[in-house]
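Please read this briefing alongside the sequence and the coordinates. It begins with the chain as a whole and then turns to individual residues.

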Amino acid sequence: MADREMIRIEIDGKSVSVEKDTTILEAAQSIDIYIPALCNSELVEPYGACRLCIVKVDDGRKTKLVTSCNYPVRKPIRVYTSSEMVLRNRKITLEMMLSRWPNVQVIKDLSKNAGIKKPRYQHPAVDLNPNACILCGLCMRICEQGIWENIINFTTRGAVPAGRMSYGSDQPHCIGCGACAEICPTGAITMVDDPNQPNDAEMIRKAGMRITKEMIKYDEEQCDMRGVGTAHLVEIMDAYDLLPVMNYRFGKHEETPKISSDIFRKYFTKGKPDGCWLGCTMACAKAIENFELKTGPYKGERVLVDGPEYETVGGSSNMGIFDPYFVAEYNFYCDTYGLDTISFSTGTSFVMECYEAGVLDKEKTGGLEIPFGAKDAALELLHQIGRGEGFGLIAGKGIRYMKKYFVENFGADPGFVFDIGMEAKGMEYSEYVTKESLAQQGGYGIALKGAQHDEAWLIFMDMVNKQIPTFEDKAEALHYFPMWRTWFSLCGLCKLPWNDVEPADNAETDEPAKVPAHVQGYCEFFEGVTGKPQTMDSLIRMSEKVYNFQRVFNLKMGFGKREHDAIPYRSAGPVTVEEYESRQDRYDTQLREDVGIDPSGMSSEEKVALTRKYREAQYEHLLDAVYKRRGWTNNGVPTIAKLTELGIDFPDVIELVTKHGG
Amino acid sequence: MITVNGIKLDWYEGKTVRDVIQEMNYLFPLLIARINGKLIPRNKYDSTEIPDKATVDIIHLMSGG
Ligand code: SF4
Ligand code: SF4
Ligand code: FES
């Protein structure tokens, strides 16, 4: 974004320099000169309907009256916002409005300011409603331009034209976001649909509207969630060496541009936001319409693919496949068979590495030749899993099962398959490379449900920003973020509006990573529904109770101790010599600077072993620090003191943790 | 020489925040830039020059995913 051309103009004798194409109204607002502007909003394109914002412009050759909301500054001009001619014109306009809508508050206020006591005219279609529609068009513009819906229009049915829903008052496609009601200057639109009877619907709407405003103003330049959804992360993760490639061996690939968001943008249905819930204006779900399937039971049919999202694309690079058609096809069939794209792709990446390493061969897979990049074989495996047949019966049971099966039946080296089988607590890793972020290794390993990043995504904070250098810093992050993100699940709320769009002043807050203004918004959502006021701390507290209770539940089910927070070594460092050598500078530097060993002259095997020793010890230190911060024993069991403090010290809970040294 | 997120980078006269972001290949859009602790607004990345020996923080605001 290059700096724009600046133009100096004069408004009411005050000089101001503005970017070319700024409107006169914006220029005046920037130096606190007030111009009444009834049909204008920063959220929509100007429209020029009310004509209250007229000003006189002198360009050196002639003067003219223009509407300031849609007059772009292109050369030096002089502007007069309250010359006699301007005031006279504005007054006439207002008198006409007042004669037509005598009880509308905003018109009454503006008229009073203009010194009008009683209009000189009588309007033939006078409307005495204090909440009459004044035809400013703000509602239709925000619905169309801001929300990308097109629900409201002017209709002339009945005596009075007004902003209305095109097919009567019950338009099934209205998402109920409330933006039209919020922007309407007269209160002509009210939201009536409150099926959940919240305590304070207005509070919820106001908090929601703040997010909506940010989406309208900033999304395109920030994450473009409405344009491409989470797929925008594909090229970003590649740039930071975090996109999993070939079972997490590498973090980037020269073919990533073939599956970047720009490619999917071309296939996605355009301009139609698709939210998971009514009212969501982030609407990051994307779809490919009319996609022709090449395999499987629906071969040859044209279908709608719901996606892909980032994880689905990252799963494809993880299998070494860089083909958008493959991504769409496997996305569709995973959805159709009821499989998770993450588990399928991470599991298949494991199969592929085992195939290349000789753990598997064509005979063991029942005829499948399945090295990295084998897209036809990957799809065939997917169909076998769907049908519950052949090798699909084994692969479909997940990595934890496969590891054991390969060792017991195929003579696989247990060390190798356990190092590269990317699962924790039996769940497959999602699609981020965690090798260079110790905090994120903990984020996956300690997560209660298994290796998923939805408790904590700390890679940038840790690896790029270097904001959490010590074990204590990482442990604090691994306390706050998992608790905060657990809260979303407790309430059934989506977390993306929390940090995939950002308020303009977020950078100036004390803790921008927490997006404090949005946490406040979530407090208001909660209070709006329940009537109970909340703070950031009280939300965390809610989660802490549940989180600890879940840990106890894990313990009861045989998953709640330190040994269960172990991670496969691929998640912490380079398993193979090839992996080490691909990032040799990085690992050599770590040996030299952090471990204090001079790696020169050492073989790669030796360096792999030393790096491993160091990194595995780091992970154990991290567990120590996190358990301590959370009030758990060194074995990862919540202490009785902690459970008592949280008020979940029920007799059977105490009995259970006591048995495990809590 | 300047330090960007703990990494040493060469300095030259006129090096801007944008230049550093490009050099580091920081593609992520939600960034916060500080030069010696002072916040630099996003619309000033092209015009803000970094002094020699400065400590630059380019904070990536993703704790999401
Ligand atoms: S509630 Fe939202 S979608 Fe419905 S008409 Fe209003 S702005 Fe459009
Ligand atoms: S309903 Fe409200 S926002 Fe829509 S045109 Fe009428 S006055 Fe303007
Ligand atoms: S604000 Fe400019 S015409 Fe209404």
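Among the contacts in chain A that join residues at least 6 apart in sequence, 62% link residues at least 24 apart. The model is predicted, and its chain A comprises 662 residues, of which 53% are buried.

**Overall build**
- The secondary structure of chain A amounts to 27 helices and 11 strands.
- Taken along the principal axes, the box filled by the C-alpha atoms of chain A is roughly 95 × 60 × 55 Å.
- Chain A exposes about 29,800 Å² of area, and carbon and sulfur atoms supply 51% of that area.

- Glu431(A) sits in the loop that runs between β11 (427-428) and α17 (438-445) of chain A.
- Although Glu431(A) is buried, it has no salt bridge, and the nearest side chain of opposite charge, that of Arg570(A), is 11 Å away.
- The side chain of Glu431(A) does make a polar contact of 3.0 Å with the side chain of Asn318(A).
- When residues up to four places away in sequence are left out, the residues that Glu431(A) touches include Leu242(A), Pro244(A), Tyr248(A), Tyr310(A), Asn318(A), Ile342(A) and Tyr444(A).

**Backbone features in loops**
- Tyr248(A), one of the residues touched by Glu431(A), has a phi near 65 degrees, which is a positive value in a residue other than glycine.
- Tyr248(A) is placed in the loop between α8 and α9 of chain A, and it counts as buried because its relative accessibility is 1%, where the cut-off for buried is under 20%.
- Asp241(A) lies in the loop between α8 (233-239) and α9 (261-267) of chain A, and its phi, near 65 degrees, is likewise positive in a residue other than glycine.
- Asp241(A) has a relative accessible area of 13% and is therefore buried.
- The peptide bond that leads from Gly307(A) to Pro308(A) is cis, with omega near 0 degrees, and Pro308(A) belongs to the loop between β9 (302-306) and α10 (310-318) of chain A.

**A nonpolar patch on the surface**
- Ile92(A), Met96(A) and Tyr121(A) together form a nonpolar patch on the surface, with about 240 Å² of accessible area between them.
- Tyr121(A) is classed as partly exposed because its relative accessible area is 32%, which falls between the limits of under 20% for buried and over 50% for exposed.

Technical notes. Residues are numbered from 1 along each chain as its sequence is written. Chains are lettered from A and ligands numbered from 1 in the order in which they are written. This is a predicted model: local features need pLDDT of at least 70, side-chain atom pairs count only at pLDDT 80 or more; totals for chains, interfaces and linings use all residues. Side-chain values use heavy atoms; hydrogens and water are left out. Patches are made of residues with over 30% relative accessible area and no salt bridge: like charges are joined within 9 Å, nonpolar side chains (Val, Leu, Ile, Met, Phe, Trp, Tyr) within 5 Å. Accessible areas come from the Shrake-Rupley method with a 1.4 Å probe; for residues, only the protein chains shown count as cover. A salt bridge is a side-chain nitrogen of Lys or Arg within 4 Å of a carboxyl oxygen of Asp or Glu. Buried means under 20% relative accessible area, exposed over 50%, partly exposed in between (1.4 Å probe, protein chains only). Helices (H or I, at least four residues) and strands (E, at least two) are DSSP runs, numbered from the N terminus. Lys and Arg count as positive and Asp and Glu as negative; His and the chain ends are not counted. A polar contact is a pair of N or O atoms within 3.5 Å; within protein, one must be able to donate a hydrogen and the other to accept it, and residues adjacent in sequence count only if both atoms are side-chain atoms. Contact means heavy atoms within 4.5 Å.
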